[in-house]
Each structure stands twice: as structure tokens, then as C-alpha cells.
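Student: Hi! I'm new to this one, could you walk me through it?
Tutor: Happy to. Let's look at it together.
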Amino acid sequence: MRWALVKVALAVTTMVVLAFAVPLGLVIRELARDRAFSGAEREAAAVAPALSITTDRDQLERVVASAGSDAGMAVHLPAGDGQDAIELGRQRAADQDIAAVRKLGRASTTGVTGGSTLLQPVALSTGEIAVVEVYVPESEVTNGVGTAWAVLAAVGAALILGSVAVADRLGVRMVRPAKRLVEGARELGEGKLGARVPEEGPTELRLAAVAFNSMADQVVQLLANERELAADLSHRLRTPLTVLRLNTASLGEGPAADQTRTAVEQLEREVDTIIRTAREAKPQTAAAGPGAGCDAAEVVRERMAFWSALAEDEGRKWRVAGAERPVRIPVAGADLAAALDALLGNVFRHTPEGTAFAVDLHNGEDAVIVLVSDAGPGIPDPEAAMARGRGSGSDGSTGLGLDIVRRLAESTGGDVRIGSSVLGGTEVRIWIQLDGRTPAGRGHRGAVRRRRPGRLAAAYHRSRSH
């Protein structure tokens with residue numbers, strides 16, 4: 001828009017300058033020509049009184065010399081009364097031009113080598129017509145024209161540059177609010193619900209900013225209502241959970257009873273976490289700071305301690321690698337635990353008893369990779385598995401679990417990939433970005449995203465090859 005305004009101003013101003021400068025330049029040239037011939041007429045008029053009094057050659061020579069124009073003036077007297085024709089000065093005009101002026105009795109100009117001549121008829125006392133020839137060189141005709149044209153060109157260029165500068169400033173006033181509107185829309189699309197646009201600039205853009213801010217406020221209000229609804233719905237689960245917890249007291253002792261009580265307690269904690277998170281959620285206005293997040297190694301150890309009891313009952317071999325030292329990630333511990341529970345729950349739900357599984361944690365400078373792999377039959381269609389709500393309940397199906405995992409990874413700018421594991425089954429790789437980059441575009445849900453492999457990915461592939 002800015003450059004379009006500059007181009008329009010440049011074109012319009014150039015046309016206006018040409019429309020005025022070209023005719024004015026022609027007028028200046030004509031004025032210079034008129035000035036030169038007016039001077040020639042004055043010189044011829046200075047000799048006319050002497051010609052009306054005398055035709056003596058010596059006297060006429062003195063008159064022409066006193067006029068100071070003897071080099072550019074010639075006097076042509078016709079023959080008469082027994083007197084020969086007299087020619088004073090250098091003749092430049094053709095004889096026929098002189099004869100035509102003497103016959104018509106009107107002044108005229110004619111072109112000669114190096115300029116023009118003014119032929120002025122003068123009546124003598126004898127009734128004959130003499131002709132005064134005044135030479136006007138081309139330099140006098142064009143004297144000052146070049147300077148005037150240069151001044152006109154400079155003024156025109158200054159007007160064009162001034163109009164371009166003004167158009168550029170006006171363009172900046174229009175483009176800056178538009179850029180702010182674009183940045184606000186991008187931030188809102190990235191989930192920064194506190195993004196707002198200054199309501200300034202031209203009327204149209206100011207109205208657009210007002211509409212954008214109103215829309216952002218409505219989005220925040222809708223999300224707040226949605227969180228409250230989620231909290232209310234979760235709160236309704238407390239009554240049946242309380243009944244379940246009371247019923248577990250009558251189960252007696254034994255591994256199955258203990259596992260049931262543990263599961264009910266875990267479910268109560270998850271419901272409390274959902275209610276608390278939904279009601280305490282704030283609009284995201286910036287990326288998570290260095291102190292935010294959790295220790296991924298601690299979360300992995302905690303969830304594996306929970307799932308290991310069920311694994312022992314089903315005769316599954318399992319292992320954990322890379323969780324010996326703290327690994328900080330910009331993800332809440334509850335979110336990572338929910339993602340791990342979703343993946344491990346898929347392993348227990350969709351693979352036969354006795355199927356081995358593993359959780360590996362790879363820590364790098366710019367990213368952390370969490371691998372959940374198993375020795376089951378695998379997932380025949382990874383693309384369909386990434387789609388929300390498309391799980392069918394059969395072996396290899398995932399349902400909402402992988403969508404939870406995907407949203408967790410994409411919130412950091414990472415991604416999720418599904419492939420074949422070294423155990424022979426499915427491997428789900430969660431890439432968690434650490435450098436705080438903006439998440440990539442969220443075009444198609446469930447798309448398997450391609451990322452340039454970094455040093456961590458290269459080290460991971462080397463470790464797998466061994």
C-alpha cells in the first residue's frame with residue numbers, strides 16, 4: 001500500500017509538472033525571441049530620423065557608428081534623382097527579401113546564417129523607401145532560455161520529490177496500523193489471547209482495530225465460559241467417584257483391591273486437577289519463561305511407577321532410559337503426565353498381554369525427545385491415528401490419546417511422529433522444543449509434520465542404529 005501511494009503520487013505530480021513546465025518553457029523561449037527583436041527594432045528606429053533628413057553617406061556612417069551597431073546593421077538606400085544606390089554595412093539578407101520589404105513597406109524578419117535579420121523600411125525625404133537591416137544572432141534569441149529551463153526543471157524535480165515524500169509519510173501512517181493489525185491477528189492465532197491493537201490511524205483502519213479488539217474480547221470470554229463449563233462438568237463427576245471410593249472399602253485386601261483403590265484415587269486427583277486448571281487458566285500472552293515447566297525425568301519415573309504394577313500383573317517387560325538426571329521442559333507436569341498416560345494406556349489397551357514396552361528420554365540443547373515404543377502389532381495407518389476422535393477401538397486404534405499428545409508437542413513448537421520401534425511394534429516420538437520458537441502452522445489436523453533434523457535427532461538415530 002505504501003509503495004502504491006508513492007507510485008500514484010509520482011505519476012500524478014510528474015504529469016502536472018509536465019503540463020505546466022512544457023508550455024511555460026515554450027513561452028519563455030518566445031519571450032526571449034521577442035526581447036531580442038525588440039532590441040533590433042529600437043536600433044533600427046535610432047537610424048530612421050537621420051535617414052528622413054539626409055542621405056549623405058558620411059553622415060549616415062557616423063549615425064550608424066554612434067548607434068554602436070555598425071557591425072550588425074546595414075542600410076540600403078535606393079538610387080534616385082541621379083544618385084546611385086548606397087549600401088552601408090554588411091548585407092546578410094537576400095536581395096529579393098530587401099526588395100520585397102521596400103515594395104510592401106512593412107517590416108519583416110528573415111533567417112540568415114547564424115541567426116536572423118530584421119528588415120525595417122524607412123521613408124526618405126525624396127519619397128523613396130530605404131531599408132535598415134539589423135542582424136540578430138541566435139545567441140541573443142536564446143539568451144537566458146537555458147537557465148530558465150534549468151530552473152523550471154529544478155522546481156519540477158523538487159515538486160515531484162516533495163510529493164513523493166508526503167505520499168510516503170501518508171503511506172507510513174496507513175501501513176503502520178495495518179501491520180499492527182496483522183501482528184495482532186498472528187498473535188491471537190498463536191494463542192496469545194491478550195493481543196490487542198492500538199485504535200489509531202485512518203478511520204477505516206481504526207474501525208478495523210476496534211472490531212479486532214472486540215473480537216479478541218469475545219474470544220477470551222468464550223474461552224472463559226468454556227473453562228467454566230469444563231470445570232462444572234468435571235465437578236459433577238465427584239459424586240459417582242465418591243460412591244466408587246466408598247465401594248472400594250468393601251473389596252477387602254488383595255492386589256486387585258489395592259489397584260482399584262489406587263485407580264479411584266488417581267481418578268479423583270485427575271478430576272481435581274481438571275477443575276483447578278480450568279478455573280485458574282489465564283490467557284496466554286507470552287511464551288513460557290525459563291522457570292516454567294517441569295522435570296520430564298521426574299514425571300516419567302512417576303508414571304512408570306504407576307503403570308509398572310499393571311505391567312507385572314500382565315507379564316509385560318518394560319524399561320526406562322534417560323530419566324536418571326533432571327530434564328527441564330516448558331510443559332506443565334500434569335500435561336506431560338496426561339500425554340504419557342494416553343500413550344501407555346494405548347499400549348495396554350491395544351497390545352496383547354506379555355507385550356514389552358519402553359519409555360526413552362533424550363535430552364538435547366534445543367529439544368527433548370520422549371519415545372514410547374512397544375513390541376505389539378503396530379499401527380497400520382499413522383495418518384488416521386493422528387486424527388481426533390477417529391479411533392475405532394480395534395488393535396492399532398488410538399482415539400483422542402494421540403491428539404492430546406500432539407497438542408502438547410505443538411504448544412512448544414514441536415511435533416509428534418509415529419513409526420516402527422526397535423522392539424518390532426509402534427514407536428511414538430514426542431518432540432518438545434526448548435528454544436521457545438513459535439509453533440509451526442496448524443493447518444491440517446493429524447498431519448505428520450516434517451522438520452529439519454537437528455543434532456539431537458542425529459544422535460537419536462545413531463543410538464538406535466547401535
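Student: How many bridges join S7 to strand S9, and which way do the two run?
Tutor: Four bridges join S7 to S9 (residues 357-363), and the two strands run parallel. Strands here are DSSP runs of E with at least two residues, helices are runs of H or I with at least four, both numbered from the N terminus, and two strands pair if DSSP finds at least two bridges between them. In this pairing, arginine 319 is opposite alanine 358 in S9.

Student: Is this an experimental or a predicted model?
Tutor: This is a predicted model, where local features need pLDDT of at least 70 and side-chain atom pairs count only at pLDDT 80 or more, while totals for chains, interfaces and linings use all residues. Residues are numbered from 1 along each chain as its sequence is written, and side-chain values use heavy atoms, with hydrogens and water left out.

Student: What's the strand order in the open sheet?
Tutor: The order is S7-S9-S10-S12-S11, five strands with mixed pairing. Strands S7 (318-321) and S11 (415-420) are at the edges with a single partner strand each, so one side of each has no neighbour in the sheet.

Student: And S9 with S10, parallel or antiparallel?
Tutor: Antiparallel, over seven bridges. They form a hairpin with three residues between them, and valine 359 is opposite valine 372 in S10. S10 also pairs with S12 in the antiparallel sense over seven bridges, where valine 370 has isoleucine 430 as its bridge partner.

Student: Is S10 mostly covered or exposed?
Tutor: Mostly covered: eight of its eight residues are buried (under 20% relative accessible area with a 1.4 Å probe, protein chains only; exposed is over 50%, partly exposed in between). Ala367, Ile369, Leu371 and Ser373 point one way, and Val368, Val370, Val372 and Asp374 the other.

Student: Which strands does helix H10 touch?
Tutor: H10 (residues 333-350) packs on the sheet and touches S9, S10 (367-374) and S12 (426-433); contact means heavy atoms within 4.5 Å.

Student: Switching topic, how do H9 and H10 cross?
Tutor: The axes of H9 (residues 296-313) and H10 come within 10 Å and cross at roughly 30°. Axes are lines fitted to C-alpha atoms, for helices over the stretch in contact, with angles from 0 to 180 degrees between N-to-C directions. Residues meeting there include Trp307 and Leu310 in H9, and Leu340 and Phe348 in H10.
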